[in-house]
Each structure stands twice: as C-alpha cells, then as structure tokens.
Amino acid sequence: MDDWYGFDDFDKCVRVREVTTDFDLYEFRAHLGVNGKELDFTLDTGSQVTIITEQSSRDLKLDLVKPSKYLVGADGTQLNVIGESEVELSNKNKSVDCLASIMRGSRRNLLGIVEIHGLHLLHVVNSLACCFFVFDPFTEFAELFQGLGTMPDIFSIALKPDTKPYKIFSPRPIPIGLRDQAKQEINKMLELNVIRPVDVPTEWCFGLTIAFKADGKIRMCVDLTMLNRGVQRELYPLPRVSDMLSQLSTGQLFTKLDANSGFWQIILEEESQLLTTFLTPWGRFCYNRMPFGISSAPEFFQKSMEKILHGLEGVICMMDDILIFGKNSKEHWKRVRLALERIRDSGMTLKKEKCQFGMTEVKFLGHLVSVQGIKPDPDKVTAIMALTPPTCKREARSLMGMVNYLNKFSKKLAEISGPIYAVTGASDFVWGPDQDAAFLLIKHEIGIASCRERV
C-alpha cells in the first residue's frame with residue numbers, strides 16, 4: 001500500500017504521496033550530492049518536505065536537531081521523525097540548502113518539491129504527459145532552439161510587366177516614446193543580418209510603421225502595399241483548417257512547434273532585395289531575408305515547410321505552426337523525434353518558449369485541441385462575447401468573420417446571423433431592432449457552442 005506523508009506548520013497539515021511503484025518509467029530518481037557525498041532520492045513533486053532515511057543519515061554522519069514539524073500518515077497517525085538536519089544538496093552545477101527530516105521506517109529518501117525546483121530537476125509544465133519524456137528535446141536537439149536558422153529555399157519577388165515603381169522621400173514619424181525601442185529593433189535586425197543599410201539610389205522605397213505584439217513589445221512593419229500591387233503570386237494553396245483538424249481525431253498526445261521568426265529564416269534573392277527598401281529616421285535599409293508583408297510570402301513559406309515535413313505521419317503545419325500527434329506515447333514520441341530530425345537537417349530553428357511537448361491539450365489555429373476533441377479557443381470566445389454592436393459595415397463584416405469561425409460548432413449561427421449579414425452588403429449601413437436581436441442571439445449561441453466538442 002502506498003504511504004502518505006505530510007507536515008504540520010502553523011496547525012496546517014498537507015498530505016503528500018510517496019511514489020512506490022516498481023516501474024522505473026513512472027518513478028523519477030536522482031543521484032545527488034549530500035554534504036559532498038552521494039545519495040539516491042526519489043523525486044516526489046507532491047511533497048513539500050525532503051525526507052532522509054535513518055540509515056542514510058547514519059551513513060552520512062548527519063548532526064540531528066529536534067524536529068520543528070511532525071509528519072502524519074493518511075489516517076492522521078504521527079510518523080516517526082527522529083530529527084532534522086541542515087544539508088547541502090547538489091546536482092551538477094546547482095546546489096541548495098535544505099532542512100531535511102530524518103525518518104525512522106521510511107523505505108527511501110524523498111526529495112521535496114522545493115528542492116526539485118531549486119536543483120532544476122523537472123520542468124514546470126501544463127500537462128502530466130510532459131513528465132514522461134522518452135527523450136528530452138531541449139537537450140538532444142539543443143541546436144534547434146538557438147539563433148535564427150536558414151532554410152534551404154530562396155525567395156524571389158516577381159513583378160508583373162509594366163509595374164511602376166513607388167517611393168517615399170521622407171520617413172514616417174515615430175512617436176517619441178517608441179523611438180528608442182524602434183532603434184533597438186532596427187539594430188537587432190541588423191545584427192541578425194535580416195536587413196542591411198542601403199546607400200545607393202533605388203526606384204522603390206517604403207514607409208516604416210510600428211505594430212504592437214500581444215506581449216506589449218513592438219514589431220517593425222514595412223508598408224509594402226504599393227509593391228504588392230505589382231507582385232506576381234504563385235498561388236500555392238494554403239491548407240484548409242477544417243481538413244487539418246479532421247486528422248486529429250485519433251490524437252492522444254500533442255506536440256506543438258513554432259518556427260523562430262519563420263519568414264526571416266528564408267533568404268531573399270539578391271536581385272529582389274532593393275525592392276524592399278524602406279526609409280527610417282536612421283537611414284534606408286532593405287531586407288536580406290523574406291520580409292513580412294509580401295503578398296506572395298505566405299504561400300512560399302507554406303510550400304517550403306511542406307517540403308521539409310513531407311512524408312511524416314502525424315505531422316501537420318500551417319505556415320510556422322507545426323502540430324505533431326499520436327494515438328499513444330510510443331507513436332507520439334517516435335513522430336516527434338523524426339520531425340525534429342527533419343527540421344534540424346533543414347537548417348530551421350524553433351522558438352523554445354513557444355514549443356510544447358507531450359501535451360494532452362494545446363491551442364492550434366484558433367482551436368483548443370485535446371484528447372476529448374476540438375473546441376473553440378476560449379480567448380477568441382471571450383473576445384467575441386465582449387464585443388459591442390457594430391457601428392459600420394467594416395465592423396459588421398469583422399463580426400461575421402468571427403461567427404463563421406464558430407459555425408462548425410453550431411448549426412444555428414448561420415441562420416441567427418441573417419439580419420446582420422444582410423447589412424454587410426447593403427448600400428447604407430442600418431442597424432435596427434432585428435440586428436440588435438440577432439446580435440444578442442449570436443452571443444447566447446456562442447456561449448453554448450463554446451462548450452461543445454467537435455471530434
């Protein structure tokens with residue numbers, strides 16, 4: 001029978017479970033230094049106290065003091081703590097000081113959660129499935145999470161015949177409060193060789209704008225609208241989201257990978273570079289890598305990604321978002337390894353903080369994907385529920401776009417939305433009682449639909 005240990009401090013008792021299974025796959029052990037000597041521990045993430053057996057304390061010749069807390073079993077019976085000892089625990093180049101409880105009758109040394117974190121023995125994750133790594137991707141494929149990669153394809157910008165050049169002669173103003181951040185972003189792009197200075201006459205020159213990311217940081221954007229009017233697109237088809245999601249019905253474990261500044265990992269052909277010249281308060285620059293904002297870039301990047309991942313089972317991607325799934329742990333981790341090997345061989349790198357391995361639930365393409373099925377992304381549902389009634393056709397069309405995203409979860413939304421859809425194509429925007437009623441019904445149905453699963 002499993003034992004339960006706990007501690008009492010300020011009249012509070014927390015029970016923690018000792019791992020007693022004989023299967024090493026589900027038991028995590030660590031060989032640690034204790035005051036300069038070696039000792040085996042079982043990692044117990046549910047315990048807030050580290051326990052050393054009486055025999056181990058003798059072997060280590062620990063000096064014991066009177067216990068400052070008592071430990072209890074599952075039935076509330078006090079366990080036999082014979083003392084405490086200040087010890088230094090070490091693992092490789094990490095060390096922590098610990099007040100360990102010495103227990104008579106304990107079958108093994110237990111390492112508590114505080115010391116586990118202090119020694120960086122386990123990552124904090126959002127899924128228990130992550131604890132059962134068949135391999136550690138961040139260690140075995142460490143080079144995948146370092147720097148800006150270079151993918152094999154080279155991007156060029158093809159223009160239609162008789163396309164007329166466009167240029168501006170003065171930089172767009174940047175708010176004073178953002179100038180330092182903007183200059184830092186320019187310097188970062190120069191260091192990464194994403195852009196280079198331009199000191200020759202060019203027929204094309206565009207303005208620089210600033211957009212805010214979700215984390216509050218800024219993104220430097222070049223307004224390539226006029227260039228896009230003359231761009232010849234390959235029209236490579238992007239995959240349908242519904243088709244990709246339909247492949248996930250057998251998924252039990254999921255890994256999500258995110259390319260590190262994906263577009264910037266593709267080299268821009270030299271003959272096309274000056275077409276992207278842009279003007280800033282600090283001079284002119286052009287792109288050495290494929291820029292965001294070119295109308296033909298998304299389809300080119302998708303084609304490049306599909307060439308890299310071609311033939312891999314259980315792997316789907318939309319641009320720089322990659323999802324790997326498997327019906328069990330063995331299949332899932334085999335597919336993850338094959339995908340990482342293929343990505344490494346391509347020269348691409350990944351954004352470590354956005355990669356999630358071995359999850360039972362992930363967000364992918366605006367949906368919540370899990371072993372239970374597919375649901376709408378709760379953040380998107382919250383955003384829709386917070387909307388106020390549209391005041392113009394543009395806002396009404398935006399609302400209809402959000403509704404269309406949720407149509408797969410509700411058969412009623414299309415019918416309910418009729419009055420609002422009608423005003424999006426009318427010559428004059430008129431919002432009346434019918435639209436108000438439809439707007440309220442949409443929110444009500446979305447609240448219900450957000451709880452439904454689509455398998």
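**View 1. Salt bridge between Glu-234 and Lys-303.** The side chains of Glu-234 and Lys-303 form a salt bridge with an N to O distance of 2.7 Å; a salt bridge is a side-chain nitrogen of Lys or Arg within 4 Å of a carboxyl oxygen of Asp or Glu. Glu-234 sits in the loop between helix H5 (225–228) and helix H6 (241–245), and Lys-303 in helix H8 (residues 297–309), so the pair ties together parts that are 69 residues apart in sequence. Helices (H or I, at least four residues) and strands (E, at least two) are DSSP runs, numbered from the N terminus. Glu-234 is partly exposed at 44% relative accessibility, and Lys-303 is partly exposed at 22%. Buried means under 20% relative accessible area, exposed over 50%, and partly exposed in between (1.4 Å probe, protein chains only). This is a predicted model: local features need pLDDT of at least 70, side-chain atom pairs count only at pLDDT 80 or more, and totals for chains, interfaces and linings use all residues. Residues are numbered from 1 along each chain as its sequence is written, and side-chain values use heavy atoms, with hydrogens and water left out.

**View 2. Salt bridge between Arg-58 and Glu-54.** The N to O distance is 2.9 Å. Both residues belong to helix H1 (residues 54–60), four residues apart, about one turn of the helix. Arg-58 is exposed at 52% relative accessible area, whereas Glu-54 is buried at 14%.

**View 3. Surroundings of Thr-277.** Thr-277 lies in the loop between helix H7 (270–273) and strand E15 (278–280) and is buried, at 0% relative accessibility. Its side chain reaches the backbone oxygen of Leu-274 at 2.7 Å.

Notes
Polar contact = N/O pair within 3.5 Å; in protein donor to acceptor, adjacent residues only side chain to side chain.
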